[in-house]
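Keep the structure in view and check each step against it.

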Amino acid sequence: MLSVEENELLTRVGPGTAMGNAFRRFWLPFLLSDELQVDAAPRRVRLLGEDLIAFRDTEGRPGLVDRYCPHRRADLYFGRVEQCGIRCAYHGWKFDVNGNAMDMPAEPANTPLLSEAKIKSYPMRDWGGVLWAYMGDPATMPAEVPQFEWGTVPAHRRVVSKRLQQNNYAQAVEGGIDSSHVGILHSLLEPEPEAPFKQRQLPIVPNLPLMAKDTAPRLFVRDTDYGFMIGARRNASEAEYYWRVTQFLLPFYTMIARWDGEPIVGHAWTPIDDYNTWTFTMTWHPERDFRDGERDPHQIHVAVEDEVDFLPTANIKNDYLIDREHQRLHSMTGIMGIGAQDAAIQESMGPIVDRSRETLGSADAAIVNFRRRLLKMAREMEAGVSPIAPAQPDLYRVRSAGMVLERGVDFAEGLADRMKAG
Ligand code: FES
Ligand SMILES: [Fe+2]
């Protein structure tokens, strides 16, 4: 439970907020790389509550600029992307990806405005199939984006998708680190459903017998420089524990526990504004090509209506296509797909959950730690102390892991090798 003030501090990310300012110290993923094509239509972007326009110039460089032209504030979405810049359709002012004015056809040829006028622009990176922006103080811009393993594998060994989620980023992250819902929200009932429903909701956990042996795992949360790791411990035998370890990485990344040899799945929950989030889902295999069905294990990626708004086909307006007969007979939710089930339940709390009205239990230890960590970061930012993780992109080279260990072995030590990304 948080006070109303703490909840505000945690969830408000717009310009001038402490959390928004802290997030601006990180590179932020916000578009898929192929959303921007050379000299093609620009994209409307909203990021941390700011309205912007993204485009890719003739040289292939991505640019992110203010949505509104500094001349008389026309919307640059209607502009023309041409010859290494974007030209406002109203009076033709043209800007490059760095925000410099290139041309003002309606002004005298020697106008000083040409060297004086600038449009606000933010640096971008194109890495791992994703476009990233840095919206903070240029003096503290990290040289590299976080070096997640999914960005370093060959492109055919990763799948990156994006969808709109209509709620605050924090409750989405809290869903991503909430291990105690997995065996309940995503569960199937007896008798198991038939195809095609079953294929869409295979058990999320490859080692169900071990999970079933002990349904109330003990959680151990351990802070790290990148965020924290969560060890979920279940009894496996008299002498052994079954451990599943997942990570939270600052400021809004989560991973799903991996079983040996399987692909790994992670999420980025990028705040569009206080009420909307881009949910990026990454599946990758660090060692080999995908086999059948592995590109989207358990339908964690969600089908979207189009690649402009990225609104899921099953969404809040159609009750996520809930099938009450399936819910009665076969599954907890009657909603198809793990990703859609997560989205439904996270959006069901409203755009910003009122954390002053919750009742937390011991299974919520990771959620408590997430809030503590982020509130600390925001308060430090208010006091002028920047987060340290962005300057250390190699901190992000980690993997989730799952393994049976002898009872006396510390999980972080016993799994250390498996949690290192290649
Ligand atoms: S408003 Fe953009 S050039 Fe005039
Ligand atoms: Fe889930």
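Helices (H or I, at least four residues) and strands (E, at least two) are DSSP runs, numbered from the N terminus. This is a predicted model, where local features need pLDDT of at least 70. Residues are numbered from 1 along each chain as its sequence is written.

**Exercise 1.** Find where Asp39 is placed and state its phi.

Step 1. Asp39 sits in the loop between strand E1 (27-32) and strand E2 (43-47).
Step 2. Its phi is near 50°, a positive value in a residue other than glycine.
Step 3. Asp39 has 30% relative accessibility and counts as partly exposed (buried means under 20% relative accessible area, exposed over 50%, partly exposed in between; 1.4 Å probe, protein chains only).

**Exercise 2.** Identify the donors of the iron ion (ligand 2) and their spacing.

Step 1. Donors are N, O and S atoms within 2.8 Å of the metal (3.2 Å for Na, K and Ca); water is not among the atoms, so sites may look incomplete.
Step 2. His181 (NE2), His186 (NE2), Asp342 (OD) and Asp342 (OD) coordinate the iron ion (ligand 2) at 2.0 to 2.6 Å.
Step 3. Along the chain, the donors follow H-x4-H-x155-D.
Step 4. His186 is buried at 5% relative accessible area, and Asp342 is buried at 13%.

Definitions and conventions. Chains lettered and ligands numbered in written order. Predicted model: local features only at pLDDT ≥ 70, side-chain atom pairs only at ≥ 80, totals over all residues. Heavy atoms only, no water.
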